[in-house]
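The sequence and the coordinates are shown first.

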Amino acid sequence: SGEFLAVNARLCEITGYPAEALVGRTFQAITHPDDLADDLDRVLRLLTGAEPSYALQKRYVRPDGSTVWIRLSVSLVRDAAGAVVRWFGVNVEV
């Protein structure tokens, strides 16, 4: 579903959201609308196995409406049967 399950202090600094506002919220909710389609396309390619991981630059929308550019790298952990167990995303402010 794209929900943040755990976040660190740096992601909170980058996005401007406190941890309690990010956990349970989806990445879709804070991704800039102009960047969302590309991100979702990459997610689909990841889930179907077309790509083992992906990286892109995109914007997050902060609570005050300003934007911040980040470089996002995403990969999956799968179980022995190939089912997705966990997502890992690394966000670096650009």
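Arginine 59 and aspartate 35 are joined through their side chains in a salt bridge, with an N to O distance of 2.8 Å. A salt bridge here is a side-chain nitrogen of Lys or Arg within 4 Å of a carboxyl oxygen of Asp or Glu. Since arginine 59 belongs to strand β1 and aspartate 35 to helix α4, the pair ties together parts that are 24 residues apart in sequence. Helices (H or I, at least four residues) and strands (E, at least two) are DSSP runs, numbered from the N terminus.

The model is predicted: local features need pLDDT of at least 70, side-chain atom pairs count only at pLDDT 80 or more, and totals for chains, interfaces and linings use all residues. Residues are numbered from 1 along each chain as its sequence is written, and side-chain values use heavy atoms, with hydrogens and water left out.

Arginine 59 is buried, at a relative accessible area of 17%, and aspartate 35 is buried as well, at 11%. Buried means under 20% relative accessible area, exposed means over 50%, and partly exposed lies in between (1.4 Å probe, protein chains only).

Lysine 58 makes a salt bridge with aspartate 39, and their closest N and O atoms are 2.5 Å apart. Lysine 58 is in strand β1 and aspartate 39 in helix α4, so this pair ties together parts that are 19 residues apart in sequence. Lysine 58 and aspartate 39 are both buried.

The whole structure contains 7 salt bridges. One of them links arginine 10 to glutamate 93, with the closest N and O atoms 3.1 Å apart. Arginine 10 lies in helix α1 and glutamate 93 in strand β3, so the pair ties together parts that are 83 residues apart in sequence. Arginine 10 is partly exposed at 40% relative accessible area, and glutamate 93 is partly exposed at 36%. Arg10, Glu13, Arg62 and Glu93 form one network of salt bridges that share partners.

Three of these contacts are listed below.

| Arginine 59 | Aspartate 35 | 2.8 Å |

Two strands pair if DSSP finds at least two bridges between them.

β1 pairs with β2 (residues 67-78) in the antiparallel sense over 9 bridges. Within this pairing, arginine 59 has tryptophan 69 of β2 as its bridge partner, tyrosine 54 stands opposite valine 74, and tyrosine 60 stands opposite valine 68. The hairpin of β1 and β2 has 5 residues between the strands, and glycine 65 in the turn has a positive phi of about 95°.

β2 and β3 run antiparallel and are joined by 9 bridges. Serine 75 has phenylalanine 88 in β3 as its bridge partner. In the hairpin of β2 and β3, with 5 residues between the strands, glycine 82 takes a positive phi near 95°.

Tyrosine 17 is in the loop between α1 (9-15) and α2 (19-22) and is buried at 12% relative accessibility. Leaving out residues up to four places away in sequence, tyrosine 17 touches Cys12, Leu22, Arg25, Ile30, Val61, Arg62 and Pro63. Contact means heavy atoms within 4.5 Å.

Leu47, Val84 and Trp87 make up a nonpolar surface patch with about 240 Å² of accessible area together. Patches consist of residues with over 30% relative accessible area and no salt bridge, with like charges joined within 9 Å and nonpolar side chains (Val, Leu, Ile, Met, Phe, Trp, Tyr) within 5 Å. Accessible areas come from the Shrake-Rupley method with a 1.4 Å probe, and for residues only the protein chains shown count as cover. Tryptophan 87 lies in strand β3 and counts as partly exposed at 37% relative accessibility.
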